[in-house]
Amino acid sequence: MPSEYAWLRENSPVARVDVPEIGLVWLVTRYDDVRKVLSDPRFGVEPPGRAGSNDSLFQDPPGHTRLRSLVSKAFSSRYAAALRCEGHP
């Protein structure tokens with residue numbers, strides 16, 4: 001698969017691809033282009049037609065922000081270190 005990505009970066013850096021169970025999406029393959037998309041508020045992570053879903057991976061703010069604040073302590077390095085000290089893996 002890496003060779004296909006290399007080809008896309010050179011020949012079609014922004015391409016429409018069909019993802020199973022999702023449908024057609026845009027695939028952006030160049031680093032600078034990806035940075036532009038991720039920093040542009042006009043682009044969101046929530047696929048069209050899924051507005052209001054509870055899946056935190058595919059939510060835009062404020063939904064994602066609310067869910068992230070609820071679980072952020074469980075993913076902190078301090079909390080993980082404390083778990084290790086208690087004998088947890």
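Visitor: How many salt bridges does the count come to in this model?

Guide: The model is a predicted one, and the general idea is to look for a side-chain nitrogen of Lys or Arg within 4 Å of a carboxyl oxygen of Asp or Glu. By that rule the count comes to one salt bridge, and the partners are Arg42 and Asp40, whose closest N and O atoms are 2.6 Å apart. The side chains of these two residues are also joined by a polar contact of 2.6 Å.

Visitor: Where is Asp40 found relative to α2 and α3?

Guide: Asp40 lies in the loop that runs between α2 (31-39) and α3 (63-71).

Visitor: Is Asp40 buried or exposed, and is Arg42 buried or exposed?

Guide: The general idea is to compare the relative accessible area with two cut-offs, since buried means under 20% and exposed means over 50%. Asp40 counts as buried because its relative accessibility is 16%, whereas Arg42 counts as exposed because its value is 73%.

Visitor: Turning to the strands, how many bridges join β1 to β2, and do the two run parallel or antiparallel?

Guide: In a regular strand the side chains alternate between the two faces of the sheet. Here, strand β1 (residues 14-19) and strand β2 (residues 23-28) run antiparallel and are joined by six bridges. Within this pairing, Val17 stands opposite Val25 in β2.

Visitor: Which residue takes a positive phi in the hairpin of β1 and β2?

Guide: That residue is Glu21, with a phi near 70°, in a hairpin that has three residues between the strands.

Key: Residues numbered from 1 in each chain as written. Predicted model: local features only at pLDDT ≥ 70, side-chain atom pairs only at ≥ 80, totals over all residues. Heavy atoms only, no water. Buried < 20%, exposed > 50% of the residue type's maximum accessible area, 1.4 Å probe, protein only. Pairing = 2+ DSSP bridges. Helix = DSSP H or I, 4+ residues; strand = E, 2+ residues; numbered from the N terminus. Polar contact = N/O pair within 3.5 Å; in protein donor to acceptor, adjacent residues only side chain to side chain.
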